[in-house]
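Work through the exercises below with the sequence and the structure side by side. Try each task before you read its solution.

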Amino acid sequence: MISEEFDQYFETNKQTWDKKVDVHAKSDFYDIESFKKGKTSLKHYELEALGNVSGKSLLHLQCHFGQDTLSWSRMGAKCTGVDISKKGIELAKQLNEELQLDAKFICCNVLDTSQVVKDQFDIVYTSYGVIGWLPDLKPWAKMIAERLKPGGTFYMVEFHPIVWMFDYLENKPEIKYGYNQSEVIYEEYQGTYADTNSNMISKEFGWNHGIGEVISSLCEAGLRIQYLEEHDKTPYEIFPGLIEKEKGMFETEDKLYPLIFTIKAIKG
């Protein structure tokens with residue numbers, strides 16, 4: 001259950017994500033037309049980690065407008081996607097119908113997932129810019145454990161918490177925020193990561209979570225960590241100054257810190 005203390009933050013974020021859907025759906029970043037023709041939105045980290053998902057049930061947390069969910073569905077998984085944005089879920093359902101897939105989509109705050117989704121899944125999946133929207137990871141991890149079948153797999157690929165220490169809205173990225181900062185972070189800026197030239201105003205509340213917090217929350221919820229990996233390369237150009245040394249993968253020039261981390265865990 002979500003604390004009333006955070007309702008205003010979630011409502012602001014929800015409104016921003018509703019606005020982002022229209023912008024993102026038209027962007028080259030998401031390239032919906034290529035996606036409709038069969039291009040997957042999944043990246044090599046998650047594809048290598050989860051392998052053959054055919055016939056498996058998969059819950060995708062914070063799915064935006066469902067491209068990853070539908071990509072897993074194309075690979076034969078029985079998918080359910082949840083997201084806080086009503087417009088995102090509406091578009092996901094439209095794409096699902098147009099592509100004649102069988103994914104289900106539900107609009108809810110990810111922390112309320114267990115209130116509206118009662119099934120248990122072989123796989124729970126979440127990726128790229130997700131936990132920063134959550135003030136507390138303990139209820140998030142508890143929900144994941146609740147939604148996994150015994151022996152089921154949780155997999156996440158996420159931007160490294162060191163990345164979120166930087167303020168990169170103004171020119172050169174500079175360290176501004178704490179690695180384990182508990183105070184809420186508010187940002188207001190024009191555009192969005194998928195279209196920096198858009199006229200929309202993004203208003204966002206977020207929180208930083210160190211890897212220790214992520215791991216401890218999952219373990220406390222009863223998950224057994226198979227691995228935690230940290231990577232110097234990211235499939236997204238997340239702030240200025242990254243170098244594309246191999247196609248579609250970006251890294252810092254000096255490689256002084258990782259950009260991505262991945263976790264694979266098993267329930268019980």
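**Exercise 1.** Find which residues Ile-238 touches, not counting residues up to four places away in sequence.

*Solution.* Begin with the meaning of contact, which is heavy atoms within 4.5 Å. Leaving out residues up to four places away in sequence, Ile-238 then touches Phe-159, Val-163, Tyr-168 and Leu-259. Before going on, note that this is a predicted model, in which local features need pLDDT of at least 70 and side-chain atom pairs count only at pLDDT 80 or more, while totals for chains, interfaces and linings use all residues. Residues are numbered from 1 along each chain as its sequence is written, and side-chain values use heavy atoms, with hydrogens and water left out.

**Exercise 2.** Describe the largest nonpolar core and state which elements supply it.

*Solution.* A nonpolar core is a set of buried Ala, Val, Leu, Ile, Met, Phe, Trp, Tyr and Cys residues joined through side-chain atoms within 4.5 Å, where buried means under 20% relative accessible area, exposed over 50%, and partly exposed in between (1.4 Å probe, protein chains only). The largest such core has 41 residues, and those with the most contacts inside it are Trp-72, Tyr-125, Ile-238 and Leu-259. Among the elements that each supply at least two residues of this core are α4 (67-74), β4 (121-127) and β12 (249-251); helices (H or I, at least four residues) and strands (E, at least two) are DSSP runs, numbered from the N terminus. The element that gives the most to this core is α5, with four residues. A second, separate core has 34 residues, including Val-117, Met-156, Phe-205 and Ala-265.

**Exercise 3.** Work out where the buried residues of helix α8 lie around its axis.

*Solution.* In α8 (residues 211-220), the residues Ile-211, Val-214, Ile-215, Ser-217 and Leu-218 are buried. They cover an arc of only 160° (taken from the directions from the helix axis to the C-beta atoms), so they are on the same side of α8. An α-helix has 3.6 residues a turn, so residues three or four places apart point the same way. The buried residues of α8 pack against α7 (137-147), β5, β10 (223-231) and β13 (260-267).

**Exercise 4.** State how exposed Ile-243 is, and what this residue contacts.

*Solution.* Ile-243 lies in strand β11 (residues 243-246). With a relative accessible area of 29%, Ile-243 is partly exposed. Leaving aside neighbours within four places in sequence, Ile-243 is in contact with Met-249, Phe-250, Glu-251 and Glu-253.
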